[in-house]
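Please open the structure in your viewer and keep the selection tool at hand.

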Amino acid sequence: MSEHIAKPRTTAVILAGGTGQRVGLSIPKQLLKIAGKAVIEHTLTTFEQADSIDDIIVLMAPGYVPDVEKIVAKAGLKKVTKVIEGGSTRNETTERAIAALGEGLAEGEDANVLFHDAVRPLLSERVIDDCVTALERFQAVDVAIPSADTIIVTRTHGEDGEFITEIPDRSRLRRGQTPQAFKLSTIRRAYEVASGDPNFQATDDCSVVLKYLPDVPIHVVAGDEYNMKVTQPVDVFIADKLFQLASTAAPEQADEAAYRELLTGKTVVVFGGSYGIGKDIAELAAGYGAKTYALGRSTTGTHVENPEEVDDALSTAYAETGRIDYVINTAGVLRIGKLAETDNATIEEALKVNYLAPVQIARSSYKYLAETKGQLLLYTSSSYTRGRAEYSLYSSTKAAMVNLTQALSDEWAGDGIRVNCINPERTATPMRTKAFGQEPTGSLLSSEAVARTSLDVLVSELTGHVIDVRQQDPTARAGQGSGFEAALASVLDRQDGVA
């Protein structure tokens with residue numbers, strides 16, 4: 001019988017020794033807030049959630065270790081085992097990390113290590129997993145993407161400025177990213193050899209292996225365009241927008257029995273449940289054993305714009321079942337027209353139903369969801385990313401739903417309440433038919449498909465996410481691709497229609 005070989009421990013080393021000088025900050029740029037969280041928190045969270053990573057070490061700029069320790073504690077990042085000061089140079093910082101990594105290892109025991117820039121917060125788990133997998137065959141791994149730009153080599157001639165001396169073949173050029181991954185023994189040996197060079201200095205770790213261990217091949221893993229480094233002021237703006245637009249695919253359950261196990265005995269309250277997506281969600285959940293309340297103006301006489309009716313509906317559901325696990329709001333009105341020509345009654349209706357009602361539903365649901373550690377599920381529209389002519393009221397209120405979701409997910413995280421937002425592509429619902437009339441068969445999502453994805457979100461651990469549902473993406477619900485790839489695809493899909 002063959003002896004079982006344990007997998008080596010895999011540690012992510014987050015290099016956070018930089019300052020904020022290039023982005024005009026008085027604090028290190030990794031502590032700058034993007035999308036409501038410090039850059040380094042976004043980065044650490046990605047590694048925390050990666051199954052292929054066992055633990056995390058942070059090398060922080062001198063004087064700021066307590067700041068990171070507070071972030072780690074507040075965010076509940078359990079994989080972070082050490083936060084230590086980095087050195088005055090990149091070389092020294094890596095050497096400190098190597099020393100820390102060696103602690104606790106038995107003699108002759110090796111480990112995997114991934115060095116990642118803290119200011120690359122948009123890293124995908126796919127890249128992390130590919131690096132770890134590559135270390136099963138190779139001792140050194142880099143991450144890179146093709147260069148979209150022509151690269152030129154220049155030389156300065158006094159006061160005349162720069163002149164081109166060479167234009168390398170772009171087909172062979174790559175833009176290096178991080179993480180850079182190594183067998184610990186390999187990167188340690190590279191630095192030991194480099195220490196004998198009085199002129200040794202390096203800006204990355206693969207170059208140390210390349211120069212001082214030339215016989216060790218460095219494998220290249222495909223990176224992605226979203227894995228940008230926040231270095232210049234414009235990077236802060238771009239990263240913030242990418243986080244705002246990022247969407248997530250809902251994890252689909254293994255089989256019908258899994259849905260039944262998760263939903264049996266749960267209470268689901270659906271506002272806007274008279275027809276369309278809301279009605280389909282209620283029926284799906286009931287089919288898996290949940291007690292559902294499908295509330296709507298035309299069926300139960302529930303007007304979401306009336307706070308008292310919302311309160312009464314929730315208190316009734318709680319009184320009858322003793323719990324409320326999920327609150328869903330699909331209610332909405334779509335009025336098309338130029339704002340200058342829209343009467344006050346129409347404006348007031350749009351604001352009350354599309355904005356104030358979800359706010360009131362959230363407020364009223366809070367105490368029930370805090371008790372069950374449940375979830376609030378809201379809905380937006382593809383027009384939330386950019387308002388369109390004659391959709392000013394609808395687009396602006398749907399953008400508000402995304403912001404409300406992101407804000408409440410943070411605000412309620414300590415109470416264990418999850419808050420998410422579904423962003424369906426153009427969907428065949430009575431509301432849409434009323435606004436646009438009959439449209440070509442097959443050009444719209446079915447409300448049942450949106451309901452199914454909604455159910456997947458309800459029973460998941462997701463929070464603070466915008467979940468795209470797109471007709472032409474059959475893998476969306478299977479969790480394929482990164483949230484930022486989905487965001488780009490979704491933006492492109494939105495160019496000619498409103499959900």
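A residue is called buried when its relative accessible area is under 20%. Please bear in mind that this is a predicted model.

Select residues 392–411, which form helix α12. This helix has 20 residues and reaches 28 Å from its first C-alpha to its last, close to the 28 Å expected at 1.5 Å a residue. Next, colour the buried residues of α12, which include Leu 393, Tyr 394, Thr 397, Met 401, Leu 404, Thr 405 and Leu 408. Lys 398 is also among the buried residues of this helix. In general, residues three or four places apart point the same way, because an α-helix has 3.6 residues a turn.

**Second stop: a pair of helices.** Select α3 (residues 90–102) together with α5 (residues 184–194). Their axes lie 11 Å apart, and the helices pack at an angle of about 135°; α3 and α5 are therefore oblique to each other. Their crossing is left-handed. On the α3 side, the contact includes Thr 94, Ile 98 and Leu 101, while Ile 187 and Tyr 191 are among the residues from α5. By class, this contact has 5 nonpolar, 3 polar and 2 charged residues.

**Third stop: another pair.** Now select α9 (residues 276–287) and α14 (residues 447–458), whose axes come within 8 Å and cross at roughly 55°. How is the crossing of α9 and α14 handed, left or right? The crossing is right-handed. Among the residues in contact are Ile 277, Ile 281 and Leu 284 of α9, and Val 450, Ala 451 and Leu 455 of α14. The contact of α9 with α14 has 7 nonpolar, 3 polar and 3 charged residues.

Terms used
Residues are numbered from 1 along each chain as its sequence is written. This is a predicted model: local features need pLDDT of at least 70, side-chain atom pairs count only at pLDDT 80 or more; totals for chains, interfaces and linings use all residues. Side-chain values use heavy atoms; hydrogens and water are left out. Axes are lines fitted to C-alpha atoms, for helices over the stretch in contact, and angles run from 0 to 180 degrees between N-to-C directions. Helices (H or I, at least four residues) and strands (E, at least two) are DSSP runs, numbered from the N terminus. Angles under 35 degrees count as roughly parallel, over 145 as roughly antiparallel, 65 to 115 as roughly perpendicular and the rest as oblique. A crossing is left-handed if the near helix is turned anticlockwise from the far one by less than a right angle, and right-handed if clockwise. Contact means heavy atoms within 4.5 Å. Ala, Val, Leu, Ile, Met, Phe, Trp, Tyr, Cys and Pro count as nonpolar, Asp, Glu, Lys and Arg as charged, and the others, Gly among them, as polar. The expected span of a helix is 1.5 Å times one less than its number of residues. Buried means under 20% relative accessible area, exposed over 50%, partly exposed in between (1.4 Å probe, protein chains only).
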